Amino acid sequence: MRIALLLLLFFVQFQFQSQVALDLELFASGFDGPVALENAGDDRMFVVEQDGVIRVRQSDGTVSTFLDIQVPVNSNGNERGLLGLAFHPDYENNGYFFVNYTRSGGNSRISRFSVSADPDAADVTSEVIIMEIFQPYSNHNGGDIQFGPDGYLYIGMGDGGSAEDPDNYGQNTQSFLGKMLRIDIDNAVPGETYSIPADNPFINDDNVLDEIWALGLRNPWRYSFDAMTGDLWIGDVGQYDWEEISFQASTSPGGENYGWRCYEGNHPFNTSGCGPMSDYVDAIAEYSHSGGNCSVTGGFVYRGSLEPTLDGHYIFVDYCSGNFWTTFDNAGTWETNMALQTGEFGWSTFGVDMNNEMYVVNQNGNIFRIFDACVDYQPNFSVNGDILTAPDGSDYQWYLNGQIIPGATDQTYNILESGEYSLGMTSEQGCTGISQPLSVVYTSVGAIQLLTAINLFPNPTSEIVNLNIESVEQGEAIIELRDALGKLIWSDRRIIQTGMNSLEYIVRELETGFYVLTISTEKERHRISLIRD
């Protein structure tokens with residue numbers, strides 16, 4: 001009950017309940033220029049390599065080639081190649097999957113392929129071309145394709161490239177470029193490869209192409225649908241100054257105009273011939289190119305089960321700086337926080353597995369699982385005489401008997417009375433938590449002390465721990481080890497000699513966790529935190 005109370009007090013005081021810190025663990029490696037990661041509803045993961053190959057990774061870690069179309073794929077240049085993969089919602093029964101690639105002439109092609117009799121190999125001869133889109137330049141191809149919760153295929157198209165959208169394709173409603181397209185591939189018009197969904201927003205507007213679902217995008221490099229709500233999240237790459245995250249609620253009828261090239265993020269760019277900013281849909285999150293940022297890579301809203309504290313957080317990264325952010329709806333306000341700084345270049349895409357656990361991909365060939373670095377974070381603090389010392393971090397708050405000590409917000413605190421002390425703080429990684437309470441006996445200033453120096457090492461430890469005690473005279477000391485709940489583990493009565501005393505204790509039989517070592521004499525008592533890792 002006391003821990004719950006302290007936690008409540010701490011979070012009310014600092015209001016950190018919304019922020020998370022991310023970390024990465026290596027999941028797979030050895031891929032060649034991966035740019036997309038997908039699952040087919042089972043325990044396999046499919047890795048799209050930009051030069052025209054799709055690899056399949058089994059749950060046991062083995063990798064094989066699923067599809068090789070390097071011959072028709074044009075991967076010359078940084079933004080061309082095999083760029084997107086989407087499995088049909090009924091893939092288990094029909095074996096259809098769709099790809100988006102740059103063909104030899106430079107245009108974007110959306111094609112359907114079928115799996116072969118071998119579930120780990122596609123039929124390379126089964127290609128059916130769904131549509132081909134003119135590309136005037138070699139960059140801003142977009143490339144992502146995703147099936148929405150409505151069963152329709154969404155195709156994210158960049159503005160055609162060059163710089164500053166010189167032909168204003170983003171606002172040209174007679175061009176597929178700079179748009180989000182939405183087509184029905186299951187009910188094709190006779191003689192065609194797809195049809196237009198009846199509820200597409202511009203289907204009755206002769207001035208707008210029927211396929212257009214939304215417009216005003218510069219280069220939507222990775223978008224996704226929230227697996228729980230169906231909301232659409234778009235990472236849209238900026239020009240010179242701003243990267244943005246655009247959002248479309250699942251209840252939207254479509255037709256949003258996200259503003260490019262009139263606006264870059266929520267800032268004017270080239271407003272010639274444009275309406276006021278209120279005519280366009282604002283980005284819900286944006287960040288500048290300061291600090292080495294250059295290009296957003298859109299991610300997913302976390303909906304897995306292994307990291308419950310991440311639930312509802314949309315995670316994205318900058319391609320150049322390796323900075324990760326999270327964005328989520330905090331009581332009607334979009335809140336964006338820095339969640340990880342890797343300093344690594346080349347973060348190309350995100351993906352989820354069949355259980356909605358989330359992964360991020362680097363073009364160096366590595367794939368990482370994303371997890372919450374702050375799960376069960378509890379800071380520890382040390383006691384030396386009457387001084388409490390916290391580890392390095394920020395936002396310190398000391399507590400006595402479950403109550404905030406006013407003004408006690410430094411890394412150290414000089415105790416003035418006996419009682420149960422606790423520490424709330426934020427770690428160097430951005431994790432916020434509160435320690436277990438520790439009972440401390442106050443020794444008044446000026447009291448005679450036999451023990452002038454105490455050192456416990458290594459700490460944390462898994463095998464043995466060394467205790468060095470320096471004393472000004474000979475005397476008896478009782479050394480006790482207790483667990484985090486105060487239960488006595490063992491007690492050792494010693495005669496401490498004048499000078500340095502070196503003791504060694506075996507701790508390998510202890511369970512991992514937090515312990516308190518107490519050294520007591522007739523005149524004083526010292527407590528030191530011990531971590532068994």
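Reply: A cavity, on a 1 Å grid over the protein atoms alone, is a set of points where a 1.4 Å probe fits but cannot get out, while a pocket is an open set with protein on both sides within 12 Å along at least five of seven lines; lining residues have an atom within 4 Å of a point. Grid points are joined across faces, edges and corners, and a volume is the space filled by probe spheres set on the points. By this rule the count comes to 2 cavities of 30 Å³ or more. The model is predicted: local features need pLDDT of at least 70 and side-chain atom pairs count only at pLDDT 80 or more, whereas totals for chains, interfaces and linings use all residues. Residues are numbered from 1 along each chain as its sequence is written, and side-chain values use heavy atoms, with hydrogens and water left out.

Me: What is the average pLDDT of the protein, and which stretch scores below 50?

Reply: The average is 92, and 95% of the residues score at least 70, where pLDDT is the predictor's confidence in each residue, from 0 to 100. Residues 1–17 fall below 50, yet this stretch has 34 contacts in the model beyond near neighbours in sequence; a contact means heavy atoms within 4.5 Å.

Me: What makes up the lining of the largest cavity?

Reply: The largest cavity holds about 90 Å³ of space. Its lining has 15 residues, and Asp144, Gln146, Arg222, Thr349 and Phe350 lie nearest its centre. Strand 2, strand 6, strand 14, strand 20 and strand 24 each supply at least two residues of that lining; strands (E, at least two residues) and helices (H or I, at least four) are DSSP runs, numbered from the N terminus. The lining divides into 6 nonpolar, 6 polar and 3 charged residues, where Ala, Val, Leu, Ile, Met, Phe, Trp, Tyr, Cys and Pro count as nonpolar, Asp, Glu, Lys and Arg as charged, and the others, Gly among them, as polar.

Me: Which residues line the second largest cavity?

Reply: The second largest cavity, of about 40 Å³, is lined by Tyr258, Gly259, Tyr263, Gly265, Asn266, Met277, Tyr280, Val281 and Asp282. By class, 5 of these are nonpolar, 3 polar and 1 charged.

Me: What volume does the largest pocket have, and what lines it?

Reply: The space in the largest pocket is about 800 Å³. Of its 30 lining residues, Glu38, Asn39, Phe87, Gln146 and Phe147 are the closest to its centre. Among the elements that each supply at least two lining residues are strand 2 (34–38), strand 6 (82–87), helix 2 (91–94) and strand 10 (145–147). The pocket lining consists of 14 nonpolar, 8 polar and 8 charged residues.

Me: Why are strand 38 and strand 41 called edge strands?

Reply: Two strands pair if DSSP finds at least two bridges between them. The open sheet in question has 4 strands in the order 38-37-40-41, with antiparallel pairing. Strand 38 (488–496) and strand 41 (525–532) each have a single partner strand, so one side of each is left without a neighbour in the sheet. The twist averages 20° from one strand to the next, with axes as lines fitted to C-alpha atoms and angles running from 0 to 180 degrees between N-to-C directions. Inside this sheet, strand 37 (475–483) and strand 40 (513–520) meet the pairing rule through 6 antiparallel bridges, and Ile478 has Ser520 in strand 40 as its bridge partner.
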